[in-house]
Each structure stands twice: as structure tokens, then as C-alpha cells.
Amino acid sequence: MSLPGAAEPPGTRPLADLHLAMRSWFAETARVLPWRSPDCSPWGILVSEVMLQQTPVVRVLPVWEDWMERWPEPADLAKEPSGEAVRHWGRLGYPRRALRLHAAAVAIVEKHGGKVPGTHAELLGLPGVGDYTAAAVAAFAFGQRETVVDTNIRRVHARLISGLALPAPSLTASEMRLADSLMPDDIELSVRWNASVMELGALVCTARSPKCSDCPVRESCAWLAAGEPPPTYTPKGQAWHGTDRQLRGAVMAVLRVADSPVAPEWLERPAMDLGFAAAGAAVPLAALHRLNFPPEQLERALEGLVRDGLAEMHDGGLRLPA
């Protein structure tokens with residue numbers, strides 16, 4: 001059986017051989033990560049999948065470990081104010097994910113007896129859980145045959161099967177059909193396939209500097225066989241400096257360490273005596289002031305944080321949600 005949808009590069013393996021090659025490679029080289037441990041709970045896997053969205057493992061590890069120590073079960077997080085989830089999200093970015101995890105924990109307690117549900121459909125019904133996360137948790141936490149497609153997997157499929165340097169800018173129906181067709185029929189092997197292809201994309205088949213000499217399936221790679229053609233488009237990185245995202249992050253850094261509401265005027269300009277110890281909110285507050293954002297941009301950022309539920313006004317100042 002040849003690879004579906006692929007040109008026939010020299011040395012193309014049967015699909016079953018490809019599955020076995022990836023499983024062997026993963027068994028030998030996979031990173032040891034706590035959410036891959038057999039002892040990790042479905043809750044721990046759900047938290048890891050949400051944290052890992054658009055965020056590298058090295059940044060997620062300490063935050064995930066703190067969350068698991070602090071809130072080992074969904075009920076532990078559900079009984080806390082949502083602001084505590086935001087506070088302990090740290091600097092992972094996209095902090096609305098913390099609110100979604102808190103809302104998911106509440107729903108798990110109220111609708112599922114405090115246990116993470118075990119089917120794709122039930123997982124998809126949790127707040128903030130989309131198709132990818134539902135498939136990943138069903139596969140990795142419950143050992144189900146689900147097609148998991150993240151950025152890394154898309155890139156491996158694009159190169160290995162389609163001969164493209166990069167996948168399309170956004171996920172397409174044809175990519176999902178290809179991913180479905182590549183899935184092993186065996187349930188256990190399908191879980192390993194998802195994990196191994198994801199790992200290959202993260203460690204070897206990277207976006208900018210792929211380590212093709214280390215690839216266990218390089219002999220079957222359509223992109224290599226085609227002479228490594230360049231991308232058909234230039235990926236656009238997200239701007240950071242000077243953006244509302246940078247400003248919102250700086251404000252959130254202040255709110256996470258402040259033990260009382262922060263007056264908007266303190267955020268706008270330095271004060272002679274803020275009343276904070278040097279180890280408290282004065283440090284991120286000074287960092288915010290050094291950015292020197294215009295007042296209208298700060299006002300827009302504060303309004304957005306309140307609108308998104310990441311902050312609230314209390315006694316004339318901003319604080320994390322209660």
C-alpha cells in the first residue's frame with residue numbers, strides 16, 4: 001500500500017512500514033515530558049494541551065507543574081476565582097486560555113462529576129475546547145483513535161506526502177482528509193502515530209531549519225525527492241513591539257502581582273510613591289512605564305482587558321477577576 005495522495009519518490013515505503021518506522025523512532029527519541037507519563041491524569045493532559053497552543057514546551061513546563069501542584073483536579077481549580085487562573089498563568093501569553101480552562105473546570109465539576117469526559121463529543125462541549133484539543137485529549141488521555149492535526153503535524157504531512165515546504169496558511173479540508181487517510185487502523189498505534197508525527201515536526205521537521213539527516217522517514221519524503229522546493233508564500237510572524245498585545249501583557253504583569261486594585265492613573269504615568277514594595281507591583285509597573293505607550297492606546301488596552309474578562313474595575317482600580 002503506497003502513501004495516499006503522494007507522488008512516488010524513490011524509496012517510498014508502504015504505509016504500514018511508515019507507521020512502524022515512526023513508532024520506533026518515537027520510542028527511542030521522544031522527549032520525557034510529565035504529561036506523557038502513564039500516571040498523568042486526563043486533567044493534566046487537558047491542561048497541557050491548552051497551555052501548549054502557540055507556546056513552546058520550555059515555557060509551559062514550569063507553569064504546568066505549578067498548576068498541577070496547585071490544582072491537581074478540576075474541582076480544585078473550579079472553586080477558585082477565575083482571576084487566580086489568570087494570575088498563575090504567568091507569562092505564557094494569550095491569557096484568555098486561563099479563563100477557558102477555569103470555565104472548563106467548572107463545567108467538568110457541574111456536568112461530569114469532576115472527571116474529564118472521555119469522548120470527543122463530550123470534550124468538544126467543554127468551554128474553550130475546539131476540535132484539535134478534543135481530539136488530542138481523547139487520543140492521549142483516553143487512548144482513542146482520533147485524528148490529531150496541529151501545526152507540526154500539518155508541516156510533516158505537507159513535506160512527507162505532498163512535497164510542499166509548508167502547509168497552507170490555514171487548515172484545509174483536504175489536509176484533514178489526508179491526515180485521516182494516514183491514520184493506522186490499530187487504536188494503540190494510531191495514538192503513537194499522532195504523538196510521533198507531532199514530535200517529528202517539533203524536533204526534526206521544523207519550519208525554518210529542518211534536520212533532514214535525522215529524519216527516520218527521509219527516504220520516503222516527497223519534498224526531499226522534489227529537491228526541497230521553497231515555500232509558495234512567506235509566513236507572516238506576529239508583531240509584538242508597540243502592539244496592543246505587548247501593552248496588554250505589561251498591564252497583566254502588574255495585575256498579577258498587585259494585592260489591591262491598581263488605579264488607571266498609576267498605569268498611565270509614574271508616581272512619586274506608589275506604596276508598593278520593590279518586590280511587588282512596582283517592578284512590572286516601572287516596566288510598563290518604560291514602554292511609553294500613548295494614553296489612548298493604554299485606554300484601549302484596558303477596555304479590552306475588561307471586555308475580555310481578564311480584568312475588572314473595583315473601587316476605582318483594576319484587578320484580576322474575582
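Student: How many residues does H3 have, and what span does H3 reach from its first C-alpha to its last?

Tutor: This is a predicted model. In it, H3 has 14 residues and reaches 20 Å from the first C-alpha to the last. That is close to the 20 Å expected at 1.5 Å a residue.

Student: Which residues of H3 are buried, and what do they pack against?

Tutor: Val-57, Val-60, Val-63, Trp-64, Trp-67 and Met-68 are buried in H3. The buried residues of H3 pack against H2, helix H4 (74–78), H5 and H6.

Student: Which residues of the largest nonpolar core touch the most other members?

Tutor: That core has 56 residues, and those touching the most other members are Trp-43, Leu-46, Met-51, Trp-67, Val-251 and Leu-267. Elements giving two or more residues to this core include helix H2 (42–51), helix H3 (57–70) and helix H6 (96–112). The largest share, seven residues, comes from H6.

Student: What is Trp-43 in contact with, leaving aside its neighbours within four places in sequence?

Tutor: With those neighbours left aside, the contacts of Trp-43 include Met-68, Trp-71, Leu-101, Ala-105 and Ile-108. Another core, of 29 residues, lies apart from the largest one, with Trp-25, Ala-136, Leu-182 and Cys-215 among its members.

Student: Why is Gln-297 called buried?

Tutor: Buried means under 20% relative accessible area. Gln-297 has 10% relative accessibility, so Gln-297 counts as buried. Gln-297 lies in helix H16.

Student: What lies 3.1 Å from a polar atom of the Gln-297 side chain?

Tutor: The backbone oxygen of Gly-242 is at that distance. The cut-off for a polar contact is 3.5 Å. Neighbours within four places in sequence aside, Gln-297 is in contact with Gly-242, Thr-243, Asp-244 and Leu-247.

Student: What separates the C-alpha atoms of Gly-143 and Ile-187?

Tutor: Their C-alpha atoms are separated by 7.3 Å, while the two residues are 44 residues apart along the chain. Ile-187 is also one of the residues in contact with Gly-143, along with Ala-138 and Val-191, when neighbours within four places in sequence are left aside.

Student: How many cavities of 30 Å³ or more are there?

Tutor: The count comes to two. About 110 Å³ of space lies in the largest cavity. It is lined by 13 residues, and the closest to its centre are Arg-159, Cys-205, Cys-212, Cys-215 and Cys-221. H9 gives the largest share of that lining, three residues.

Student: What phi does Tyr-94 have, and where is its place?

Tutor: Phi of Tyr-94 is near 45°, a positive value in a residue other than glycine. Most residues other than glycine have a negative phi. The place of Tyr-94 is in the loop between H5 and H6.

Student: Is Asp-315 buried or exposed, and how do you know?

Tutor: Exposed means over 50% relative accessible area. Asp-315 has a relative accessible area of 71%, so Asp-315 is exposed. Asp-315 is found in the loop between strand S1 (312–314) and strand S2 (317–319). Asp-315 has a positive phi of about 50°, although it is not a glycine.

Terms used
Residues are numbered from 1 along each chain as its sequence is written. This is a predicted model: local features need pLDDT of at least 70, side-chain atom pairs count only at pLDDT 80 or more; totals for chains, interfaces and linings use all residues. Side-chain values use heavy atoms; hydrogens and water are left out. A nonpolar core is a set of buried Ala, Val, Leu, Ile, Met, Phe, Trp, Tyr and Cys residues joined through side-chain atoms within 4.5 Å. Buried means under 20% relative accessible area, exposed over 50%, partly exposed in between (1.4 Å probe, protein chains only). Helices (H or I, at least four residues) and strands (E, at least two) are DSSP runs, numbered from the N terminus. Contact means heavy atoms within 4.5 Å. A polar contact is a pair of N or O atoms within 3.5 Å; within protein, one must be able to donate a hydrogen and the other to accept it, and residues adjacent in sequence count only if both atoms are side-chain atoms. The expected span of a helix is 1.5 Å times one less than its number of residues. On a 1 Å grid over the protein atoms alone, a cavity is a set of points where a 1.4 Å probe fits but cannot get out, and a pocket is an open set with protein on both sides within 12 Å along at least five of seven lines; lining residues have an atom within 4 Å of a point. Grid points are joined across faces, edges and corners, and a volume is the space filled by probe spheres set on the points.
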